[in-house]
Amino acid sequence: MARGRFILLEGCDRAGKSTQCAKLVAALQDKGHAVELCKFPDRTTTIGQMIHAYLTNAKELDDKAIHLLFSANRWEAMQQMKRKLRAGTHLIVDRYAYSGVAFSTAKGLDLTWCKNPDRGLVRPDLTFFLDLPTVEAEKRGGFGEERYENRELQEKVREVFLQLKSKEWVMIDARHSVPTMHHEILKVTEDKIREGERDAEFAEEDDGLLEDLFLDS
Ligand code: NYM
Ligand code: MG
């Protein structure tokens, strides 16, 4: 049996990640796949509650401390995510380490310093970047009350994301309609799942899970 595929959706706020994640999970379920949604930050854990308190301005934290909490929030999920992938469940993941690096670097922290705590996390098999120009994001309604929800920071976040982008990323124009984006994301995901099923016929021992998250450095 092929292991599940790790499918990541990244992007700035308001690009439509959560909508597309939900639609992708539902479509794959309909087609009979075992699939689960993961979201970072996962606000349900003890660490996630600290992150939530920070994002909602209920708590102040040093920039480096909150960066490490976001990373720890991924590390605490890792064993279970690997277990699910090895059991054949596909994971659709809403944000991951690239968000961690993009937001903290945009705040002024050093890029390499930001990458370090996430090194060794399992690598996505497929990363979609939902790209939306900041002016378009703004038109989608005012930013909410959470920290980071302002134009200046979002602009910088997008720049760091584009700097992090590797040639393996699949760029999705988030100005397109919800169904248009869904169609494209589903097609590329199904191709990736089929590729995994073919690979599984040859690789008996190795589960193919890689831990080199930042391929460039
Ligand atoms: N965020 C998210 C970070 O700053 N670092 C991270 O590692 C992650 C995963 O948290 N503005 C930021 C991005 C968002 C905020 O995310 C909350 P969401 O998807 O709105 O719950
Ligand atoms: Mg948000």
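This is a predicted model: local features need pLDDT of at least 70, side-chain atom pairs count only at pLDDT 80 or more; totals for chains, interfaces and linings use all residues.
## Ground rules

Local features here need pLDDT of at least 70 and side-chain atom pairs count only at pLDDT 80 or more, while totals for chains, interfaces and linings use all residues. Residues are numbered from 1 along each chain as its sequence is written, chains are lettered from A and ligands numbered from 1 in the order in which they are written, and side-chain values use heavy atoms, with hydrogens and water left out.

## Around ligand 1

Let's start at the ligand. There are 13 residues around ligand 1, and Lys39, Arg43, Arg74, Arg95 and Gly100 come nearest; a residue belongs here if one of its heavy atoms lies within 4 Å of the molecule. The shell is made up of six nonpolar, two polar and five charged residues. In this scheme Ala, Val, Leu, Ile, Met, Phe, Trp, Tyr, Cys and Pro are nonpolar, Asp, Glu, Lys and Arg are charged, and the others, Gly among them, are polar.

Which atoms meet the oxygen atoms of ligand 1? An N or O atom in the side chain of arginine 95 is 2.8 Å from one ligand oxygen, and the side chain of arginine 43 places an N or O atom 3.0 Å from a ligand oxygen. From glycine 100 comes a backbone N or O atom, 3.3 Å from an oxygen of ligand 1. For polar contacts, the cut-off between N or O atoms is 3.5 Å. On its own, ligand 1 has 480 Å² of accessible area, and the protein covers 93% of it (Shrake-Rupley method, 1.4 Å probe). Helix 3 (63-86) and helix 4 (97-106) are the elements that give two or more residues to the shell, with helix 4 giving the most, three residues. Helices (H or I, at least four residues) and strands (E, at least two) are DSSP runs, numbered from the N terminus.

Five strands form an open sheet in the order 2-3-1-4-5, with parallel pairing; a pair needs at least two DSSP bridges. Strand 2 (35-39) and strand 5 (170-173) are at the edges with a single partner strand each, so one side of each has no neighbour in the sheet. On average, neighbouring strands are turned by 20° against each other, direction ignored.

Strand 2 runs parallel to strand 3 (residues 90-94), joined by five bridges, and cysteine 38 stands opposite valine 93 in strand 3.

## Backbone details

The peptide bond from phenylalanine 40 to proline 41 is cis, with omega near 0°. Proline 41 sits in the loop between strand 2 and helix 2 (46-55). Arginine 14, in the loop between strand 1 and helix 1 (17-30), has a positive phi of about 75° although it is not a glycine.

Terms used
A polar contact is a pair of N or O atoms within 3.5 Å; within protein, one must be able to donate a hydrogen and the other to accept it, and residues adjacent in sequence count only if both atoms are side-chain atoms. Axes are lines fitted to C-alpha atoms, for helices over the stretch in contact, and angles run from 0 to 180 degrees between N-to-C directions.
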